[in-house]
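My notes follow, in the order I looked things up.

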Amino acid sequence: MKIAIVGASGAVGQEFLRVLSDARFNIEELRLFGSSRSAGRRYDFRGRLTDPVVELSDNGGAFAGLDYVFVSAGADVSRRYSETITSGGALMIDNSSAFRMCDDVPLVVPEVNGADALVAPRGIIANPNCTTIQMVVALAPIHRQWGIRRVHVATYQAASGAGASGMEELEQQSRQLAAGEKPVVKKFVSQLAFNLIPHIDVFTDNGYTREEMKMYYESKKIMHAPDMDVSATCVRVPVMRAHSEAIWVETEKPVDVDEARRAFAEAPGVVLIDRHEACGYPQPLDLAGTDPVYIGRVRADLANPCGLSFWTVADQIRKGAALNAVQIAEYIERHR
Ligand SMILES: NC(=O)c1ccc[n+]([C@@H]2O[C@H](COP(=O)([O-])OP(=O)(O)OC[C@H]3O[C@@H](n4cnc5c(N)ncnc54)[C@H](OP(=O)(O)O)[C@@H]3O)[C@@H](O)[C@H]2O)c1
C-alpha cells in the first residue's frame, strides 16, 4: 500500500503513525504532509525515520500513485485541497467535518455501516465526529435488536479533542495552578483545569452547539435511522485523553437489561466492563491509548419503561479518529 498522512504533526496525525505501524497491511511507501510549520520534520515509523514532511500545496503530483490519504488538518484544509489530494486516484479518508453530510460522501464506522465505504463516488470517505463514533458503536447492537427511537447523551470530552494545543493548555494550567500562578487561557473559552465547560464548537440558532448537532445529524446518517432523534449536551472536561458519554436510549420494545449486556458483550469493537463494585466500570484514565469502545453501568432507565441507560469510554484520538480511519481502509481492502 502507498499511503499519505496530511496533518502528520497533529494529535491525530501522530496517532495515525502509531496505528499504521500496527496496521494489517503492508506499507510500501508513506508520504507526510503539513503546513510550513512542520515541513522538513521526520518521524519514527516502524523503526526507521520517515521522509521529511512536505508542505501541502496544489501540486497534485505529490499525491500520484497513492492508495489512501488520511487527512486530519481541519475542515478548511480538507475543502481547499480535496481535489488535489484525490486527483491521482487516491482515496481520501477525511477526519474533518468538511464532507460528512454530503450525499455523495459516505460517513463510516466499520462496525456499524462498513459497506457504505465501498461506494465513494468523489473518492472521499468521511470519518465521523469522535463523540459520534463511540456512541454509534454502542447504539448499533441495541438498535439492531430493539430499535432505538430517541437518544439523550451527555458527553465528557477530553482536552485532546481540541488537538495537541488543547493537551498542552490543560497541562500548563495544571502546573500553573499547582504553583499558585494565574492559569493562562488561550485555546479554550475559559480555564479548563479544575473546571467543566459546557460549550464545544460554536453555538447554532437552536441553542445547541455545532458539536451537539454533529451528533444529531451524523448518527442518523451512519445508522441509516432518519427517525432516530438525538439530543446531546457536550462538555469539555479536564481529562487529557479519552471521551466518556452517559447515554439514555428509548427503544421501540422494552429491553431486558441482561439481554442488553449480552448484546453489548457480543458487539464488534465493544468491551463490556460492568461490575457493581469500585472501579467495575470504564474510566478514561485507565483506557486512554486503547482501541475498543468500553461500556458499563448498564441499567434500566427508571424514568422510561422503554429506556436503557449506560456509560461509554473510548480513546477519541484512536477509535474516534485515526484507528477508525485505518479500519475503514482495512474494511475496503478486505471487501474489494
Ligand atoms: N483531536 C481529536 O480528538 C480529533 C478527533 C476526531 C477528529 N479530529 C479532527 O482531526 C483534524 C486534526 O485535529 P488534531 O486534533 O490532530 O489537530 P492539531 O493537533 O491541532 O493538528 C492540526 C494539524 O493540521 C495541520 N495543518 C494545519 N494547517 C495546515 C495547512 N494549511 N496545510 C497542511 N497542514 C495543516 C498541522 O500541521 P502543522 O503543524 O504543520 O501546522 C497539524 O498537523 C481536525 O479536523 C479535527 O476536527 C480530531
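Helices (H or I, at least four residues) and strands (E, at least two) are DSSP runs, numbered from the N terminus.

Ground rules next. I am working from a predicted model, where local features need pLDDT of at least 70 and side-chain atom pairs count only at pLDDT 80 or more, while totals for chains, interfaces and linings use all residues. Residues are numbered from 1 along each chain as its sequence is written.

**Entry 1: domains.** I looked up the division of the protein chain and found domain 1 (2-127 + 321-335) and domain 2 (132-316); such bounds come from an automatic or database domain assignment. Their C-alpha centres lie 25 Å apart. The contact between them takes 13 residues from domain 1 and 19 residues from domain 2, where two residues are in contact if their C-beta atoms, placed from the backbone, lie within 7 Å. On the domain 1 side, I noted α3 (110-113) and α9 (318-335) as the elements that give two or more residues.

**Entry 2: the open sheet.** What is the order of the strands in the open sheet of six? I read β5-β2-β1-β6-β7-β8, with parallel pairing. The edges are β5 (54-55) and β8 (124-126), each pairing on one side only. Further in, I checked β1 (residues 2-6), which runs parallel to β6 (residues 68-71) over four bridges. Valine 6 has valine 71 in β6 as its bridge partner.

**Entry 3: strands around β9.** I found β9 (residues 148-157) joined to β10 (residues 229-236) by eight bridges, running parallel. Valine 151 is bridged to valine 230 in β10. β9 also pairs with β11 (residues 243-251), in the antiparallel sense, over eight bridges. There I see tyrosine 156 opposite serine 244 in β11.

**Entry 4: β12 to β14.** β12 (residues 270-272) and β13 (residues 293-300) run parallel, with three bridges. Leucine 272 sits opposite isoleucine 295 in β13. β13 then forms a hairpin with β14, with six residues between them. I get five bridges for that antiparallel pair, β14 being residues 307-314. Tyrosine 294 has valine 313 in β14 as its bridge partner.

**Entry 5: helix α4.** α4 has 17 residues and reaches 25 Å from its first C-alpha to its last, close to the 24 Å expected at 1.5 Å a residue (the expected span is 1.5 Å times one less than the number of residues). Where does α4 bend? It bends by about 35° at leucine 139, and proline 141 follows within four residues; the bend is the angle between axes fitted to the seven residues ending there and the seven starting there. Glycine 147 comes after α4, with a positive phi near 70°.

**Entry 6: the core.** A nonpolar core is a set of buried Ala, Val, Leu, Ile, Met, Phe, Trp, Tyr and Cys residues joined through C-beta atoms within 7 Å. The largest has 96 residues, and those with the most contacts inside it are Val69, Ile125, Val136 and Leu139. Its largest share, ten residues, comes from α4 (residues 130-146). Domain 1 and domain 2 each give this core at least three residues. I followed up leucine 139: leaving aside neighbours within four places in sequence, leucine 139 is in contact with Ile148, Val151, Met223 and Val249.

Conventions
A residue is buried if 20 or more other C-beta atoms lie within 10 Å of its own, exposed if 12 or fewer, and partly exposed in between; C-beta atoms are placed from the backbone. Two strands pair if DSSP finds at least two bridges between them.
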